[in-house]
Amino acid sequence: MDKEVAALRAFADKVKTEGIRHVVVLGMGGSSLAPEVFQRTFKNGPGYPELEALDSTHPGTVKACEARIDLARTLFVVSSKSGTTTETNSFFYYFWDKLKQSKTEPGGNFVAITDPGTPLEKLARERNFRAIFTATEDVGGRYSALTVFALVPAALIGADVGAVLARARRM
């Protein structure tokens with residue numbers, strides 16, 4: 001991931017400059033846990049969006065998340081290693097439909113994180129997502145804290161992902 005640090009920082013800085021106020025990670029288990037830990041540990045840097053991990057399909061939880069954000073100024077990170085996670089796909093379609101009511105092209109509000117060649121990667125290309133990040137296939141989801149699954153969201157909140165990787169190496 002070291003070779004990706006500069007690109008992650010540049011992506012996060014662009015999102016910050018565009019006035020995105022919230023990042024909502026749409027994922028389950030390994031796809032959402034590390035991003036939530038990064039938000040709680042590092043908070044969001046000055047001017048960077050605040051991150052929320054949506055990993056419960058309880059209607060009250062989804063509605064509460066929606067009530068806390070400005071849809072138009074939110075970046076939704078659709079995160080699924082397999083690209084077929086039912087809950088994650090349900091979150092995506094829910095928020096896509098909400099944004100579609102006010103934007104003809106809501107793809108700019110979405111980012112995909114998945115393994116190469118998954119249905120999610122295909123969907124992201126078809127719907128013109130802002131970005132697609134593919135992971136290393138040989139790292140299991142529960143071990144993905146130092147891959148794009150966690151480092152993209154960490155960068156988006158302004159965390160120094162280069163320092164995170166250096167500390168992890170030392171450990």
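Me: Buried means under 20% relative accessible area, exposed means over 50%, and partly exposed is what lies in between. What is the relative accessible area of Arg68, and which of these words applies?

Reply: Keep in mind that this is a predicted model. With a relative accessible area of 48%, Arg68 is partly exposed. Glu52, at 18% relative accessibility, counts as buried because the limit is 20%.

Me: How many salt bridges does the structure hold, and how far apart are the closest N and O atoms of Arg130 and Glu18?

Reply: The structure holds 11 salt bridges. In the one between Arg130 and Glu18, the closest N and O atoms are 2.7 Å apart. Arg130 sits in the loop between helix H5 (119-126) and strand E5 (131-134), while Glu18 sits in the loop between helix H1 (5-17) and strand E1 (22-26), so the pair ties together parts that are 112 residues apart in sequence. Arg130 is partly exposed at 26% relative accessibility, and Glu18 is likewise partly exposed, at 40%.

Me: Where do Arg40 and Glu36 lie, and how many residues apart are they?

Reply: Both are in helix H2 (residues 30-42), four residues apart, which is about one turn of the helix. Arg40 counts as exposed, at 60% relative accessibility, whereas Glu36, at 25%, is partly exposed.

Me: Is Ser79 buried or exposed, and which residues does Ser79 touch?

Reply: For Ser79 the relative accessible area is 1%, so this residue is buried, the limit being under 20%. Ser79 is part of strand E3 (residues 74-79). Leaving aside residues up to four places away in sequence, Ser79 touches Val25, Leu26, Gly27, Ser31, Thr88, Ile113 and Phe149.

Terms used
Residues are numbered from 1 along each chain as its sequence is written. This is a predicted model: local features need pLDDT of at least 70, side-chain atom pairs count only at pLDDT 80 or more; totals for chains, interfaces and linings use all residues. Side-chain values use heavy atoms; hydrogens and water are left out. A salt bridge is a side-chain nitrogen of Lys or Arg within 4 Å of a carboxyl oxygen of Asp or Glu. Helices (H or I, at least four residues) and strands (E, at least two) are DSSP runs, numbered from the N terminus. Buried means under 20% relative accessible area, exposed over 50%, partly exposed in between (1.4 Å probe, protein chains only). Contact means heavy atoms within 4.5 Å.
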